Amino acid sequence: MNLSQPPFHAALFDLDGTLLDSGYVWRDVDAKFFADRHVEFDHAEYARAVQGLSFREAAVYTKRRFGLPESVEAIMGEWMAMAREAYAHHVNLKPGARAYLRQLKRAGVKLAVVTANRAELFMPALERHGLAELFDAFCTSAEVGNVNKSDGAIYRLAARRLGVAPEACAVFEDVLEGIVGAKGCGMRVYAIEDAAAEHHREAIAALADGSAADFTGWLRPDEPPRRCVIFTARCEGDLSRAYAPRPGDYVLCADGGWQLARAMGVRPDRVIGDFDSSDEPAGERTERVPVEKDDTDTMLCLKRGLAMGFEDFRIVGGFGGRLDHTLANLQTLHYAALRGARAEMADGRRWATAIYNEGIRIPADVLGGVPAKLSVLSLTDESRGVTIRGAKYPLENGTLTNAFPLGMGNDFAAEAAEIAVAEGVLLVTVSGE
């Protein structure tokens with residue numbers, strides 16, 4: 001099934017076993033829960049019995065099946081306590097999940113979560129992976145009376161919240177009960193294969209409109225790369241070196257950044273800011289925000305771009321002026337990196353990005369041929385497995401800390417430098433001499 005051009009206006013995603021590779025968490029929870037009570041159980045049989053049930057239904061079933069003295073609330077509380085750490089810090093995504101969600105978002109598809117899990121568990125996982133801002137609605141079984149997904153109530157709720165007719169929705173699920181419920185609502189259903197639902201594979205294949213092991217096969221490899229460009233209010237260098245327009249650029253301006261955009265003849269798609277440092281421009285789509293707020297105007301623009309599905313950002317300007325402004329913008333690069341997005345900041349004299357558990361190749365002429373110094377600094381307490389190649393002072397599998405600037409002031413020794421980090425976040429900067 002080719003979903004490169006989605007035949008739907010909204011997509012509803014189950015979490016456990018579909019977007020989140022979390023099956024191991026519940027196997028571990030079950031094992032510890034029953035071991036603590038010295039109760040023998042067949043894990044495969046038990047997993048099949050609770051599959052598709054709401055969180056509360058699973059607790060009711062467990063209490064009744066094993067004659068447990070604890071209340072249903074106590075059982076759910078114990079499960080939550082055991083799973084909370086894993087969801088907050090360890091649960092990973094199914095391959096291609098984040099890229100596919102962003103691809104759908106860029107195509108204008110509305111997204112919703114439909115899950116039997118609890119928000120206290122899944123929200124930290126979604127936020128850690130940079131997915132929370134992509135969803136237009138979150139729906140849990142607790143909101144529809146804790147009924148089995150085969151009832152379909154949770155999918156109808158999601159369609160209502162998105163304002164989309166059920167027949168214009170697609171559901172991504174891994175369990176038979178969810179597929180039955182979604183099909184009963186008249187929705188398309190695409191199955192994500194998960195080991196926990198192996199015993200229902202034939203029934204799932206008979207009902208689903210398509211299936212895949214993960215989301216990688218539904219990505220569009222030939223999609224023209226589209227970038228979100230953010231103009232800040234200050235650029236000390238050559239604007240033409242700071243920003244070279246690309247077809248399809250989506251342009252946001254942070255407060256007074258609209259003046260820089262106009263100086264380049266660029267029409268912004270939206271101007272966002274509190275306008276405490278510039279007038280609100282006439283003739284532009286503007287969004288005024290309170291002066292007293294948690295986010296900087298640049299961060300607001302980055303978050304808007306992330307919520308629209310962008311993962312490639314160019315921040316124009318951002319250096320110089322007040323030191324706290326520069327540091328805040330560098331932290332914005334860090335924020336993007338933690339969410340699997342690449343944000344570069346350039347003002348024609350300087351260039352910077354942050355990388356998280358990945359590598360990057362930086363051309364020696366990234367500043368347009370100006371002789372430049374390369375610096376690699378740790379933004380986390382420790383960054384381990386750091387490699388620097390193509391520089392005068394190379395490094396292999398090193399460790400950098402945020403308390404000592406060991407990677408400061410290097411020189412390019414090749415056409416490009418290759419920087420990588422196995423664990424941690426690095427700030428990579430290039431500054432004109």
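In this predicted model, M80, A83, R84, A86, Y87, A88 and H89 of helix α4 meet E120, L121, F122, P124, A125 and R128 of helix α6, where contact means heavy atoms within 4.5 Å. Local features need pLDDT of at least 70 and side-chain atom pairs count only at pLDDT 80 or more, while totals for chains, interfaces and linings use all residues. Residues are numbered from 1 along each chain as its sequence is written, and side-chain values use heavy atoms, leaving out hydrogens and water. Helices (H or I, at least four residues) and strands (E, at least two) are DSSP runs numbered from the N terminus.

**Helix α4 with α6**
- α4 and α6 (residues 119–128) pack at an angle of about 10 degrees with their axes 7 Å apart; axes are lines fitted to C-alpha atoms, for helices over the stretch in contact, and angles run from 0 to 180 degrees between N-to-C directions.
- The two helices, α4 and α6, are therefore roughly parallel to each other (angles under 35 degrees; over 145 is roughly antiparallel, 65 to 115 roughly perpendicular and the rest oblique).
- The residues of this contact of α4 with α6 divide into 9 nonpolar, 1 polar and 3 charged (Ala, Val, Leu, Ile, Met, Phe, Trp, Tyr, Cys and Pro count as nonpolar, Asp, Glu, Lys and Arg as charged, and the others, Gly among them, as polar).

**Helix α3 with α4**
- Helix α3 (residues 55–66) packs against α4 (residues 72–89) at an angle of about 115 degrees, their axes being 9 Å apart.
- That angle makes α3 roughly perpendicular to α4.
- Residues making the contact include F55, R56 and A58 of α3 and V72, E73 and I75 of α4.
- By class, the contact of α3 with α4 has 9 nonpolar, 1 polar and 3 charged residues.

**The sheet**
- An open sheet is formed by 6 strands in the order β5-β4-β1-β6-β7-β8, with parallel pairing (two strands pair if DSSP finds at least two bridges between them).
- β5 (137–140) and β8 (210–212) stand at the edges with a single partner strand each, so one side of each has no neighbour in the sheet.
- Neighbouring strands of this sheet are turned by 20 degrees against each other on average, direction ignored.
- Strands β6 (residues 169–173) and β7 (residues 188–192) run parallel and are joined by 4 bridges; A170 has R188 in β7 as its bridge partner.
- Helix α5 (residues 97–106) packs on the sheet, touching β1 (10–13), β4 (110–115) and β6, and its direction makes about 155 degrees with that of β1.

**Strands β4 and β5**
- β4 and β5 pair in the parallel sense over 4 bridges, and the bridge partner of V114 in β5 is C139.
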